[in-house]
Amino acid sequence: MAKPTNSASLVGNAMDIGLMMIEAQSVIAMRLMGMAGLWSVSPQENHRMVAEKVEAMFRATSDAGMTTLRGGSPDEIAAAAIAPLRRATSANSKRLRKRGPKLG
């Protein structure tokens with residue numbers, strides 16, 4: 001039998017997903033500007049944007065699976081899956097924002 005959901009967890013998961021979506025869109029915008037020569041990005045950025053997704057998705061499915069096997073609630077399983085993806089989008093957003101627009 002499934003455990004009852006906790007409204008605080010639902011709200012927390014929804015907020016994490018919302019923030020992740022905002023961060024992902026900002027990362028996409030900065031990377032596209034980098035490809036156009038308008039944002040300062042490292043030469044490895046194109047490779048990084050592919051490689052990081054594999055790692056984040058592997059961690060998300062692994063963490064969600066382990067939480068499921070431990071008998072976690074649906075909210076806990078979702079949170080376990082969201083966390084690695086959110087860490088990746090947050091780190092990328094911060095890293096790319098620091099680099100800033102390409103001047104000159």
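**Helices, salt bridges and surface of the predicted model**

Asp 16, with a relative accessibility of 29%, counts as partly exposed, where buried means under 20% relative accessible area, exposed over 50%, and partly exposed in between, with a 1.4 Å probe and protein chains only as cover. The model is predicted, so that local features are given only at pLDDT of at least 70 and side-chain atom pairs only at pLDDT 80 or more, whereas totals for chains, interfaces and linings use all residues. Residues are numbered from 1 along each chain as its sequence is written, and side-chain values rest on heavy atoms, with hydrogens and water left out.

Asp 16 is joined by a salt bridge to Arg 86, their closest N and O atoms lying 3.3 Å apart. Since Arg 86 belongs to helix 3 (residues 74-99) and Asp 16 to helix 1, this pair ties together parts that are 70 residues apart in sequence; helices are DSSP runs of H or I with at least four residues, numbered from the N terminus. A salt bridge is taken as a side-chain nitrogen of Lys or Arg within 4 Å of a carboxyl oxygen of Asp or Glu, and by this rule the count comes to seven salt bridges. Arg 86 also meets Glu 23 in a salt bridge, with 2.9 Å from N to O. Here too helix 3, which holds Arg 86, is tied to helix 1, which holds Glu 23, the two parts being 63 residues apart in sequence. Arg 86 is buried, at 18% relative accessibility, and Glu 23 is likewise buried, at 12%.

A further salt bridge links Lys 53 and Glu 52, whose closest N and O atoms are 3.9 Å apart. Lys 53 is partly exposed, with a relative accessible area of 46%, while Glu 52 is buried, with 17%. Through salt bridges that share partners, Lys 53 and Glu 52 belong to one network with Arg 31, Glu 45 and Arg 95.

Helix 2 (residues 45-69) contains 25 residues and spans 36 Å from its first C-alpha to its last, close to the expected 36 Å, the expected span being 1.5 Å times one less than the number of residues. Buried positions in helix 2 are Glu 45, Met 49, Glu 52, Ala 56, Ala 60, Ala 64 and Thr 67. In an α-helix, which has 3.6 residues a turn, residues three or four places apart point the same way. Just after helix 2, Gly 71 takes a positive phi of about 85°.

Helix 3, with 26 residues, reaches 38 Å from its first C-alpha to its last, close to the 38 Å expected. A kink of about 30° lies at Ile 82, shortly before the proline Pro 84; the bend at a residue is the angle between axes fitted to the seven residues ending there and the seven starting there. Ile 82 and Pro 84 are among the buried residues of helix 3, which also include Arg 86, Thr 89, Asn 92 and Leu 96. Gly 100, with a positive phi near 70°, follows helix 3.

Gly 37, in the loop between helix 1 and helix 2, is partly exposed, with a relative accessible area of 33%. The C-alpha atoms of Gly 37 and Pro 101 are separated by 9.0 Å, although these residues are 64 residues apart along the chain.
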